[in-house]
Amino acid sequence: MINLTIDERKVSVKEGAMILDAARELEIFIPTLCYDPRLKPYGGCRLCLVEIEGMSRPVSSCTTPVAERMVVTTHNDHLYRLRRTILELLLSDHPNDCMVCERAGDCTLQDLAYFYGLRDNRFRGEMRKFEEHDANPFIQRDMNKCVLCGKCVRVCDEVMGVNAIDFAYRGLSTRISTPYEKDLDCEFCGQCMSVCPTGALTSKVWAGEGRRRMDVKYTDTICPYCGCGCNITLHSVRDRIVKVNSRADNGNKGWLCVKGRFGYEFVNSPDRLTTPLIRREKNGDLEPATWNEAISLIAGRFEDIRYKHGPDALAGLASGRVTNEENYAFQKFFRAVIGTNNIDHCARL
Amino acid sequence: MAGLSTVFGSGAMSNSIEEIEDAQTLFVIGSNTTEAHPDIAIRMKKAAKNGAKLIVADPRKIPLVQYADLWLRLRPGTDIALLNSMMHVILEENLHDPSFIEERTNGFDDFSRGLKEFTPELGEKISGVPKDDIIRAARMFASSERAGIYYTLGITQHTHGTNNVFSIANLALLTGNLGKESAGVNPLRGQNNVQGACDMGCTPDVLPGYQKVTDQKVREKFEEMWGRPIPDKVGLTSTDMIGAMIDGRLKGLYVMGENSVLSHAHMSHTIQALENLDFLVVQDIFLTETAKLADVVLPAASFAEKNGTFTNTERRVQRVRKAIQSPGEALDDLTIIGMLSSRMGYDHVRKIVQATGFQALSSGGRYAYPEQAFREVCFLSPAMAGMTYLRLAEKGLQWPCPDQDHPGTPFLFKDGFPKGRADFTRVSYEPSRELPDSEYPLVLTTGRNLYQYHTGTMTRKSKAIEAVAGQAYVEISSTDAEHVGIGNSEMVTVSSRRGAVSLQARVGNIVPPGVLYMPFHYAEAPANALTNSVLDPICRIPELKVCAVKIEKSG
């Protein structure tokens with residue numbers, strides 16, 4: 001363990017940890033835009049600058065490893081002014097259209113502008129005017145709002161190994177681009193969007209309804225697709241799912257796939273079954289019925305078949321889709337109530 | 001699962017997802033992991049970046065191949081020849097783990113005699129994998145301290161699927177890759193709660209917790225709790241149910257959340273079977289192809305509309321939480337089953353609920369809330385005895401978790417196998433049942449793609465997903481395409497002895513010459529109209545991964 005002092009408080013952390021990690025251990029807040037503990041240290045945004053006793057210039061705390069007896073200052077007037085200036089520069093060619101931005105209320109850049117009280121900007125000048133023309137159905141890319149933190153590029157490389165995007169051009173023209181500036185053509189896992197600290201990457205799937213607001217309810221649950229069992233958080237407004245994301249501190253580290261992140265539309269589909277249906281005549285149509293009628297009919301027919309042909313003339317197919325409790329109750333129904341072991345599910349398919 | 005239960009006395013992923021990152025060698029066989037289990041593939045890619053060796057065995061050039069150190073492009077259905085010849089090399093070069101074999105296994109001598117004939121030359125002849133690659137794979141796998149095997153239905157959906165699983169288990173036993181971290185035999189389960197459905201006893205031979213229905217003591221325990229006699233005869237598997245419907249032994253079927261028409265092999269056969277029933281009940285969230293055939297359709301709640309638990313592929317039981325109300329009169333499955341149980345005169349729930357130490361708020365055959373059913377499961381299955389909703393709240397728990405203080409089990413067999421010693425099984429190669437001939441000259445194999453899910457009941461409702469993956473397709477090699485005169489994106493007809501479908505051709509290098517590939521998500525061009533319903537004799541799994549077909553330009 002390495003012992004050091006941060007803002008006059010002592011802390012000991014693992015060797016190889018960065019100063020930023022140590023500060024977070026003490027719950028000292030250092031602003032960042034490009035930092036994500038799930039990605040390799042990068043040091044791009046320079047907001048996390050700190051002073052180290054004996055060093056002439058500030059260093060970025062997210063890329064500087066701790067050392068024994070190091071004395072670190074994370075907040076003073078000088079650092080405040082440096083950070084404020086960096087933010088001012090970032091905002092100098094930002095569209096500032098927070099009122100209609102998809103990420104308002106859930107935007108690191110907006111939060112920092114608020115904390116540093118940045119209403120005016122000393123650096124007025126040329127603005128970036130990139131055209132948006134990406135026809136992919138999942139991810140909205142507005143490079144005018146990009147702060148070039150590189151998180152999206154890194155997650156796509158380090159985590160997904162897909163490398164669908166990278167930095168392109170220089171200076172004011174710098175942007176994150178697909179090869180030959182074509183439409184995004186990747187796995188659409190949305191990891192890039194989930195780490196973006198601004199409104200540069202948002203989703204077309206929940207455009208216009210995913211923004212943080214008072215009536216959104218958050219429910220932690222499990223993805224309904226494959227067997228990985230990823231943790232997801234459903235964002236719902238009354239009885240409608242409006243967005244899905246995943247917390248970074250869970251088993252799947254917040255990473256999802258295209259189905260888990262964007263494939264929730266079925267829940268609120270108008271095609272959902274909303275009432276029991278009964279075929280009253282052989283070869284007739286399925287017609288709406290009450291629960292009472294449906295349950296009575298099933299109970300009657302099952303009893304009838306069991307009486308005439310024995311319990312083994314009935315069988316049940318359970319499901320890899322429903323809960324443990326429901327599967328348990330289903331097999332129990334067949335074994336204890338009907339009296340047969342004719343019960344199976346889709347594991348073979 | 002039957003395969004693994006036979007060998008180890010337990011059938012599930014032996015190790016955890018998180019451990020993948022620390023493996024030294026990963027052997028992925030019959031699993032298109034990046035598309036079917038994307039989150040697990042993330043770990044595999046991370047492991048490869050950390051320096052782990054990645055061996056991929058698959059006839060298709062699946063996306064994982066680009067991260068692999070070695071790609072073994074075997075012919076569909078020849079896994080045993082490949083695995084046996086790898087093990088032949090391991091024995092020949094003394095790369096096996098004699099102390100593990102000595103201390104923890106049975107049947108090594110007979111098994112090793114069976115490997116004699118499987119030289120790398122024979123392996124190459126049958127599987128098409130160059131013998132040098134077989135030797136390299138054997139060395140790569142056997143020379144690392146922690147080597148894990150990962151597989152899915154590419155291994156099991158064959159007439160010799162159980163033997164494939166035995167063969168995989170043999171490889172792990174031979175190299176001592178069980179009972180430690182970042183190793184093991186790891187079947188990746190394809191659905192959110194298919195592991196749970198197995199754990200809950202939704203199979204014809206076992207009660208919850210893999211307790212055999214043929215065991216009288218087990219039955220007595222359940223009978224006392226449930227207050228009803230339990231039949232001692234093993235029931236029908238889902239695939240055998242189809243036959244029993246056709247010959248009239250089965251009269252009534254109750255399907256909860258399965259689209260059998262599209263998911264079973266040989267679709268016209270499945271439809272004929274369902275139509276032959278006197279009475280079919282389907283409980284689902286949509287009017288699926290199967291529900292359309294039903295006499296009664298019951299509207300169920302989706303995952304977002306209920307409380308409960310799912311068990312993922314690494315045996316982790318996790319909480320499912322209700323976010324919204326169901327549409328219209330749809331009800332969760334637990335409530336529906338409770339209503340039906342009560343109506344059929346079952347009223348034992350109150351007594352059970354009291355026995356498990358819960359307040360008896362329920363009445364008749366109904367549970368008042370899901371945790372009552374969960375408590376009952378945990379009361380009856382020792383591997384889950386230590387679980388409660390409270391303990392599951394944060395990260396879930398991996399079974400076995402036998403008591404309230406047990407932290408759960410990330411990897412199995414640390415202190416031995418449930419049945420004591422694990423068995424080697426002598427496995428010989430048998431070709432798939434339906435091989436190409438002059439009339440049907442190509443092999444069809446089936447699977448999933450990244451965007452759609454299973455029979456598409458859920459994903460096909462998503463406009464964005466449909467925009468990128470809304471069209472059914474068949475993959476064909478450029479060689480075969482040229483031979484038949486098919487261009488990319490042209491409409492083609494693929495037919496087998498059982499049916500024909502029309503869909504778009506994707507010409508490329510993903511499949512090798514002689515092989516076609518179709519995802520089975522698309523009702524308008526169902527892959528299972530073509531597949532062969534012939535079954536593995538032990539597991540009763542249909543041979544969905546190999547059948548003979550022909551392809552023509554649509555007229």
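The exercises below, each with a worked solution, concern a predicted model.

Residues are numbered from 1 along each chain as its sequence is written, and chains are lettered from A in the order in which they are written. Because the model is predicted, local features need pLDDT of at least 70 and side-chain atom pairs count only at pLDDT 80 or more, while totals for chains, interfaces and linings use all residues.

**Exercise 1.** Find the domains into which chain A is divided, and describe the contact of domain 2 with domain 3.

*Solution.* Begin with the bounds, which come from an automatic or database domain assignment: domain 1 of chain A covers 2-75, domain 2 covers 88-123 + 132-203, domain 3 covers 216-268 and domain 4 covers 277-348. Next, take the centres over C-alpha atoms, which puts domain 2 of chain A and domain 3 of chain A 22 Å apart. Then turn to the contact, where two residues count if their C-beta atoms, placed from the backbone, lie within 7 Å; eight residues from domain 2 of chain A and eight residues from domain 3 of chain A take part.

**Exercise 2.** Determine whether A:R103 is buried or exposed, and which residues A:R103 is in contact with.

*Solution.* First locate A:R103, which sits in the loop between α2 (77-92) and α3 (108-115) of chain A. Then apply the cut-offs: a residue is buried if 20 or more other C-beta atoms lie within 10 Å of its own, exposed if 12 or fewer, and partly exposed in between, with C-beta atoms placed from the backbone. A:R103 is buried, because 23 other C-beta atoms lie within 10 Å. Finally, leaving aside neighbours within four places in sequence, A:R103 is in contact with A:T198, A:G199 and A:T202. A:A200 is 97 residues from A:R103 in sequence, and the two are 8.8 Å apart in space, C-alpha to C-alpha.

**Exercise 3.** Compare the span of helix α10 of chain B with the expected span, and say how many of its residues are buried.

*Solution.* Helices here are DSSP runs (H or I, at least four residues), numbered from the N terminus, and the expected span is 1.5 Å times one less than the number of residues. Helix α10 of chain B (residues 161-174) has 14 residues and reaches 20 Å from its first C-alpha to its last, close to the 20 Å expected. Counting burial next, 14 of the 14 residues of α10(B) are buried, so that the helix is mostly covered. Just after α10(B), B:G176 takes a positive phi of about 65°.

Note on methods. Helix = DSSP H or I, 4+ residues; strand = E, 2+ residues; numbered from the N terminus.
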